[in-house]
Amino acid sequence: MTQSLAEYRADHAVHHASLTMDDDPDQKDLGRLGIVPGLPRQEYPRRLVRALVSPRLIAHTVARRISRNFAPRRRPLRTACFAGFQALLLLFAVGWSLRVDGPAPLIAWAVSWALPLTIGHHMSMVLYALGLHAWFKESEEPGWSGYAEKTGARFFVDRTPDPAPWTPTHLRAWARWWIRFMFWHLVVGRFFVIGLTDNGCHDAHHADPAGRRFDWANAAYARADMLDGSPLARAHFWHTWTLGEAIAQNFDQLAQEARGGVR
Ligand SMILES: [Zn+2]
């Protein structure tokens, strides 16, 4: 959630080898936000709201991102270019605001740059990380089945209505499905939280991280092919529908974990 690209690259192989380990950076960040195992189930939505809007927690994320991504010793040219570009944009916005005697250019800069890079990134990452894995889970199952318990697929849509004759009820169900798809799942789930990636099929990615059989560019179809062709995948793959269901399932599982699971 707050790592630099270089740190992410180094940690990602470890993340694959040892899912939900003590040192998993996303898991640690969620713990820092107060989302830890063993709390009463009803406490989690409250913690999520606090994690999303708390100025202190947002400032903490921003400070960590700056210290880990913006340190001059790493990629000095890139850092200088980014800082110079933003400084010029800000100067331009301030100058223009003074010229037109109004805050509109500054507001435009804040909405297009400052807010997405700070509050927007923080909120997106919290919602993204929750539901990505069964965090803090300790599985009793051996081998792949234990591993697979910790990662499923997340489909950022509602289930489609059942096939049925074209009755008014059925048409209403489809209309509702499309409206929620266009104005909720696409905007919030796809564009704001997960982006245009294959990440919804995260179980298939973990089953075949090198992409030998899993064609990540066509993830939805490739995962279905894996299910068709692999009894192991059929036995252990699982999924949730909608962003809300993925997060709710994560909360159910966290509430069931013993508090001793806090690591
Ligand atoms: Zn993962």
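Is A129 buried or exposed, going by its C-beta neighbours inside 10 Å? I began my notebook with this residue, keeping in mind that I am reading a predicted model.

**Entry on A129.** I found A129 in helix α6, and I counted it as buried because it has 21 C-beta neighbours inside 10 Å, where the cut-off for a buried residue is 20 or more. I then looked up what A129 touches and, leaving out residues up to four places away in sequence, I noted M1, D26, D29 and L30. For M1 I also wrote down that 128 residues separate it from A129 in sequence, while the two C-alpha atoms are 7.6 Å apart in space.

**Entry on α4 and α6.** Two packed helices are described by the angle between their axes and the distance between the axes. For helix α4 (residues 55-69) and helix α6 (residues 104-129) I noted an angle of about 105 degrees and axes 9 Å apart, which means that α4 is roughly perpendicular to α6. Where they meet, I listed I58, T61 and V62 from α4 and T118, I119 and H122 from α6; the residues of this contact are three nonpolar, three polar and no charged.

**Entry on α10.** Which residues of helix α10 (residues 219-229) are buried? I found A222, R223 and M226, and they lie on the same side of α10 because they cover an arc of only 100 degrees around the axis. An α-helix has 3.6 residues a turn, so residues three or four places apart point the same way. On the face turned away from the buried side of α10 I noted the exposed residues A220, Y221 and D228, whereas the cover over the buried residues includes β1 (153-155), α9 (202-207) and α11 (231-236).

Conventions: Residues numbered from 1 in each chain as written. Predicted model: local features only at pLDDT ≥ 70, side-chain atom pairs only at ≥ 80, totals over all residues. Buried ≥ 20, exposed ≤ 12 C-beta atoms within 10 Å, placed from the backbone. Helix = DSSP H or I, 4+ residues; strand = E, 2+ residues; numbered from the N terminus. Arc of directions from axis to C-beta. Contact = placed C-beta atoms within 7 Å. Axes fitted to C-alpha atoms, helices over the stretch in contact; angles between N-to-C directions. Parallel < 35°, antiparallel > 145°, perpendicular 65-115°, else oblique. Nonpolar A, V, L, I, M, F, W, Y, C, P; charged D, E, K, R; others polar.
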